[in-house]
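Open the model in your viewer and keep the selection tool at hand. This tour goes stop by stop: what to select, then what is there.

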Amino acid sequence: MANPFQFRPPLHTRVLMRRTSAYRVFAIFYSFAILALLYHHLIHLLHSPNTLSFFILLADVLFSFLWASSQGFHMCPTDRRVFIEHLEHYVKESDYPGLDVLICTADLHKEPPMGVVNTALSMMAYDYPTEKLSVYVSDDGGSKLTLFAFMEAARFATHWLPFCRKNKVVERCPEAYFGSNPSSWFPETDQIKLMYETMKIKVESVVEKGTIPHDHITNEQEKQAFSRWTDEFTQANHPAVVQVLLEGNKDMDITGHTMPNLVYVSREKRPGSPHHFKAGALNVLIRVSATMTNAPVVLTLDSDMHSNDPQTPLRALCYLLDPDMDPNLGFVQFPQAFHGINKNDIYAGECIHVYQIHPIGMDGLAGPMHVGTGCFFRREVFSGGPSRTPGLSSDHLVSKSIGNKEVLASAHLVSAWNYENQTNWGTKMGYRYGSLCEDYCTGYRLHCEGWKSIFCNPKRPAFLGRAPINLNVCLNQSKRWGVGLLEVGFCKHSPIVFGLMEIGPLMGLCYANYAFRPLWSIPITIYAFLPPLALLKGVSIFPKVSEPRFFLYIFLFVGAYTQDCLDFLLSGATIQRWWSTQRVWMMRGVSSFAFSLVEYLLKCIGISQFGFNVTSKVVDKEQSKRYKQGIFEFGVSSPLFLPLTTAAIMNLVSFLWGMVLIFKKKNLEGMLLQMLLAGFVMVNCWPIYEAMVLRTDRGRMATRTTIISIFLAWALYIIVSVSPKI
């Protein structure tokens, strides 16, 4: 029987990138070079064993493993295009599947309510049938101030949505739109902007005061909603709150069109009961949305990741509704993109590897990993098979209004703190528990279960968020990720064993590269400290210029860096941003990744229990000014800065000592590579030297940190000096 869709234009295309062959050839040559290096290390260690040779071998073995695992990203890089204009040939707009948008926030001080409100408003204004669109907001902070902000947002939405629809506004986040070029505004823009500014001032005033004035509560329904915040109601101990703010079949905008559903959710919490951080909050939203609307498609979002393209759902439908698509397609992942990034992206906030280069490589395999936000799921991927609870299966049809008492009772029931007890939630259903990186863990387990994914990367970013503009925040975020990745890497479902068998060698290597990423800290720390210490002691650890192995080191270093740089340039980034990324990679290696490795080991032996720290979205004006100028922000006395400054001091001193030896006409042929390495580290550490010595602003390095680092560098030198051999 003929396929009824075979003569219709395609919804999307897929091609293997032309650079694939070059990647594969380079991988072969580079692998032989690595084997030659490791062979020499092993022979040298067997003939003259010493501590220094052992640590250099350990560093190069880990470097080799992590490089080898990264090659999975380069074997099948894929480029895709979608054609949303062809969607009408496959499905009518009235037949679009329902879409439930799930947004999580946890701390109104780190994630200001107006930022979350802007995200929700941009989703409600999608070019999508409003009767099929629902937005659910999880407030894990359990704050009535956040609920108040969304009550105000619901009123403003009745004006904002028709304004966007009438004028075909592309930027549908109010804050971003009103901050754009006024020349593109419409006659009624000033009026709608005034409404927005009034709402913003009102909400921010309430948040600043911490209380809601009685005259701000306009009706009995709102009064009843806030009455649930009693004196016993705390962030860690409170009943579930499910509040319908907009009901699609009842509420209308100012032009008479139906509004999308808007629902506020704060799950029940009790002291001593595990709540599983963001993964637990998302699972509650999945269940609440299942009882109320049960849309077949679910979009998960971070609180600061607003829509930048109102047609994004249609791009996802080009894959999800394609009759020729693999029936095991489970989710469509869009990349994270960020606004406000400075010219050279000094903190590597764009994460080009994670959000651009690696997803393209995995897209040619089983598909990209889930990166926590901007992901369209088929609801059935969270079901883990037929649901044991009536009304929560993915094919359950919701016939009652979301404001119905019975529906609300069910929503409160599935939000209870003990609802997941003796169920498969967190293990085989919903987001998976057991890791602080719930997105990585969940995507990995879904791939192991046979689901596929697609990477959709349109020219106009689908979503825009805000990256950290503070180095301490950036490093702490990486530390939290590192602990979460190690939790997956060393669990019974480790990608290096379980993953290789379930999803194939290349996908297994890709996931293993992330799971063991904090292990970068070991070789980076070894090369940051041992070569300069050996140089100060006059010990050569690398081959002489006249030896063939000298050029082997040069090839390995230049080859890896050249490939990485080309990846960046081909992804559309600049060489300055590539330089910033490799510098931050080294900073993370000796600081956040090293700390995450130690934290994980302490957790394994029961000494430490790592928690989930929400990344602050609050922007300090002085920090923002320095960030725009490309100046690093140190400011606080953080333990994460100690290894950075100690390594910077150690390499500076060793390089200067090497220069002294050159002027004394000592033979340094055997120490040239150590000199080059120390010089390379020094160039990367310039922002640290500048912060320690040259700057006087509030973002300079804390004097206490500098003094402790000098002492640590001196102590390391004394230890090496008194050692008979290293």
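## A loop residue to start

Select V539: at 25% relative accessibility, this residue counts as partly exposed. The model you are looking at is predicted. V539 sits in the loop between α16 (521–537) and α17 (548–570). Next, show G670. G670 is 131 residues from V539 along the chain, yet their C-alpha atoms are separated by 8.9 Å.

## A buried glycine

Move to helix α13, residues 471–489, and pick G489 in it. Is G489 buried or exposed? G489 is buried, at a relative accessible area of 2%. The cut-off for buried is under 20%, so G489 falls in that class.

Now go to R517. From G489 to R517 is 28 residues in sequence and 9.3 Å in space, C-alpha to C-alpha. R517 lies over the face of Y514, at 4.2 Å from the ring centre.

For another charge over a ring, select R287 and W425. The charged end of R287 sits over the ring of W425, 4.9 Å from its centre.

## Rings together

Show the aromatic side chains. The count comes to 48 aromatic pairs. Then select F156, W160, F163, Y177, F178, W185, F186 and Y196. Ring pairs link these residues into a cluster. Keep W160 in view for the next stop.

## The cores

Which residues have the most contacts inside the largest nonpolar core? They are W160, F376 and F463, in a core of 143 residues. Colour helix α4, residues 144–167. This helix gives the core its largest share, 14 residues.

## A covered strand

Select strand β9, residues 329–333. This strand is mostly covered: 5 of its 5 residues are buried. Now bring in its partners. Strand β12 (residues 452–455) pairs with β9 in the parallel sense, over 4 bridges. Strand β11 (residues 375–378) pairs with β9 in the antiparallel sense, over 3 bridges.

Zoom in on V332. In β12, I454 stands opposite V332. In β11, the bridge partner of V332 is F376. F376 is a residue you have met: it is one of those with the most contacts inside the largest core.

## An open sheet

Last stop: select β8, β13 and β10. What is the order of the strands in this open sheet? The order is β8-β13-β10, with mixed pairing. β8 (306–307) and β10 (338–339) stand at the edges. Each has a single partner strand, so one side of each is left without a neighbour in the sheet.

Look at the join between β8 and β13 (residues 463–466). These strands pair in the antiparallel sense over 2 bridges. Pick S307 and look across to β13: F463 stands opposite. F463, too, is among the residues with the most contacts inside the largest core.

Key:
Residues numbered from 1 in each chain as written. Predicted model: local features only at pLDDT ≥ 70, side-chain atom pairs only at ≥ 80, totals over all residues. Heavy atoms only, no water. Phe/Tyr/Trp six-rings, centres within 6.5 Å; stacked < 30°, edge-to-face > 60°. Lys NZ or Arg CZ within 6 Å of the ring centre and 35° of its normal. Buried < 20%, exposed > 50% of the residue type's maximum accessible area, 1.4 Å probe, protein only. Pairing = 2+ DSSP bridges. Core = buried A, V, L, I, M, F, W, Y, C linked by side-chain atoms within 4.5 Å.
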